[in-house]
Amino acid sequence: MPATKPAEVLRACGIPCETSTEALGDIVRLDAGRAADAAAALYESGYDFLVDLFATDTGERIEVTWHLRAFDEHVDLYLKALVDYDGAAPSVWHVYPAALYPEREAAELLGMTFPGHPNPKRLLTIDGAEPFLRKSVLVRSAEEVRISS
Amino acid sequence: MSALGILGRFAAMLVLLLVNGVVLIYMLRKVLGRLHLRIGPNRVGPFGLLQTTNDVIKLLTKEDLRPDSADAWLFNIAPYLIFVPSFMAYIPLVFGPTLAVTNLDTGLLLAFALTSLVPLGVLMAGWSSNSKWSLIGGMRAAGLQIAYEVPLLLSALGPVMMAGSLDPARIVAAQSGVWLGFIPRWFVIPQILAFVVYAIASQAETQQTPFDMSEAESELITGFANEYGGMRFGFMYLAEFSNTFIVSAIGTMLFFGGWQLPWVATPAWLAPFVFIAKTYTGIFVMMWARGSLPRFRVDQMLSFCWKVLIPVSLAWVVVWACVQRLWPVVAMAVSR
Amino acid sequence: MTDDPKMAWAITAEGSQFPGPLPCGLRCIPRGVDELATEHLVLNMGPQHPSTHGVLHILVELDGEEVIAAEASLGYLHRGIEKLAESRRYHQVPTLLDRADYVSGLHTETAWALAVEQLAGIEVPGKASWLRALLMELNRYASHLVWLGTFGMDAGAMAPFLYIMRDREMLLDVIEAITGSRMMFNYVRPGGVVADLPAGVDAKIRAWLEVADTYLSENDALLGGNEIFRMRMKGTGVIDRATALAFGMTGGCLRATGVDYDLRRDVPYCAYPELDFEVPLGVRGDNMDRYDVRVGEMRQCIRLIRQLVDGMPEGEFSGKRSRVLKVPAGESYAAVESPRGELGIHLISDGGLTPYRMRLRSPAYFNLAVVDEALAGGLIADAIVTLGSLDIVLGEIDR
């Protein structure tokens, strides 16, 4: 376990956050606007590996999850932040280049932006595709799409 | 020579080239199949023998496609520029004591001169297709073939010095008889180093694995031939196999006594068969290498050529020239 | 700026200037390839290309034969598996996951089962854990065989590929005898596995184990023992330790850089704590190291399979399974060491009949992100083998 607790690290940087330990593990909830600062601070404190980055539609807003890991100790930490639909969360690629792809993916599939991303093109879908990981987009068969268009 | 005679000889060359093409494609498929734990073609005709004929029919009946943006004139003539030299290179081959298209004092030079024209056509094909893949393939092919032309020529100099002639017929004739009563007088024995260089350079010259960068399937798909289809592609394919035959045939003439059997006199009727059998053995070895080796990288291959093959073959030419000059002097001194 | 909110994110390319020194020792800001560059050749490698291992499209910026920059363009195989999973019941999801990583489906299935079990608190009988481990090792070997063969093909060696397919056929016969399928297994379910080992399969595995070592040494001699191959692999496609960690690489690609990290040993799951194996490591992180690490892993695989067959416990192959699986609300993350690296399933449940959100953390997706760093500076031929050495499976990258 890294010497300092994530909550203390963030408090030292003046980033307001809320920590909890759930079935998943340690979770830190914070304001989306400070996510990049928080990532940089946590990187310094030993969470040096980004396992994953993804976003979920909670029904009201989009929840972005940064799955960090203190690699040598193998301790996981989840950063979570809520973003409005079509909102923005800062890119963390300059701390974790591993975020380059997942940020592009989350942006197109949830309909949000990651300001600061060096190459913010679509990754998996073509131009004009709906942000279909939103709950408002329904799963339709090819047949249904053909009939409706 | 009468006009009819010339026409007849050309027809014979063409038939030989076409038959060679058909047989070699079948042989390549079967040999590679066996090396790869596969069976190879076995559906069309007995043992799949008619597979190649079917392929030829397919190529002949295919639509002649040309990319819109291609340079039409160059694109159209490139396959012939590749095909014609490899067809002409049959001229100096000696199939028997009296069997050759024509006897030239500088036949060997002609053969090498003709095969060195091929990169021109390849480059034209690559350039005129207006495709990036073809362009890279064409450039690679030209660079490699020009590079490997040098050791190929240098390695042929050893046997030429031994025979004292550039006429293939005389080079072959010089290899009759035996040394020390039991070793066939094949030039491969004293010239083993030159032969190794020749074998490597000829594999590169015919663009076969491990030297097939110009059409490296996993890198450039088919390289310079990317945009070609139908019989235009067929010509390129045929030229490739014809080149394989030619380098193997020249190797046979230079190093393995041409149409002659070892130890016994060769009857005139048997000579062409002996020659073809030797040539095909050479081709088989080339296919063997092709089937089992991975590919060089283009820069490694070029530096191997310029830094290893050319110095070695140059040094060998000098060494052999000294040996041949000094040998009578030494022999005389010893006998005195 | 456009008024269409859907497109807004795509326009914010401005302002991506990065102040100060570049992080993690990166070469340059990974902006991707400038498609309008005039002095360099931009080559579209794929999506139809013999060496892109599926339908990958790589934009390569070339200066002559040298690669200046590379960018992977993904999505040709995107099927929206994560979205589809939200409308499938818990026991139906493995059907989708088999199609994510179609070369080693059993790993994805197991990760899913572990995530669901973790959240629902389902106990797994000991034998099921052993069966899962056995099947995963068999599948890992089969997957590494595919990699070994196609890697040889990338380097221009045709023969080893077909030799390897012969070996793989034997192995797939074994897997088919157990799971009933060669590719889309749907064998591992939350709570256990679908079926016990059928009669006679033990002898089949042992017959394969008899020849596996010999076959592997043969294939290794054809590739790793070939001087041409070694010349091409040494010193090309170097990915150093820092870059690998920065890009979230895992699996053989990470171990080739010398990082001693294997989930099977470090975060044990299934039967692995009871098994004895080594983790092969590389030094420089070049193509040769990745090759050696994977071949070493295959030897360890044989060792593991031998232990798993010998020590297979008696007992139930599955716990009690209800017809409708209900998972309490919450989140869980479970990861397995797939042939390509850490394959994780992040599951979010709202207590309903279907998962609320399923996120597949695909290892090859993160391993592929390094292409720009790894390919730049090499030749086209190096780019092809480096791409091959990353062992990508587009099904799991595009999902």
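Analyst: Contact means heavy atoms within 4.5 Å. By that rule two pairs of chains touch, and chains A and C have the most contacts of the two. This is a predicted model: local features need pLDDT of at least 70, side-chain atom pairs count only at pLDDT 80 or more, and totals for chains, interfaces and linings use all residues. Residues are numbered from 1 along each chain as its sequence is written, chains are lettered from A and ligands numbered from 1 in the order in which they are written, and side-chain values use heavy atoms, with hydrogens and water left out.

User: OK, then what makes up the contact between chain C and chain A?

Analyst: Chain C puts in 59 residues, and chain A puts in 55. For area, we take the accessible area (1.4 Å probe) that two parts lose on being put together, summed over both. Chains C and A bury about 4800 Å² that way, with 62% of it on carbon and sulfur atoms.

User: Why is the pair A:Glu105 and C:Arg399 called a salt bridge?

Analyst: The rule asks for a side-chain nitrogen of Lys or Arg within 4 Å of a carboxyl oxygen of Asp or Glu. Here the side chains of A:Glu105 and C:Arg399 meet at 3.0 Å, N to O, so the pair passes. The count between chain C and chain A comes to eight salt bridges.

User: Which helix gives the most to the side of chain C that touches chain A?

Analyst: That's α1 of chain C, residues 5–11, with six residues. Helices here are DSSP runs (H or I, at least four residues) and strands likewise (E, at least two), numbered from the N terminus.

User: What makes up the contact between chain C and chain B?

Analyst: There, 32 residues of chain C meet 24 residues of chain B. The buried area is about 2500 Å², and carbon and sulfur atoms give 65% of it.

User: Why is the pair A:Tyr43 and A:Tyr96 given its ring class?

Analyst: Rings of Phe, Tyr and Trp (its six-membered ring) pair if their centres lie within 6.5 Å; planes under 30 degrees apart are stacked, over 60 edge-to-face, the rest tilted. The whole structure has 31 aromatic pairs over all chains. For A:Tyr43 and A:Tyr96 the centres are 5.6 Å apart and the planes at 70 degrees, so the pair is edge-to-face. A:Tyr43 sits in helix α2 (residues 35–44) and A:Tyr96 in the loop between β5 (75–83) and α3 (100–110) of chain A, so the pair ties together parts that are 53 residues apart in sequence.

User: What is the pattern of chain A along the sequence?

Analyst: Chain A reads α-β-β-α-β-β-β-α-α, with four helices and five strands. Its C-alpha atoms fill a box of roughly 60 × 30 × 25 Å along the principal axes.
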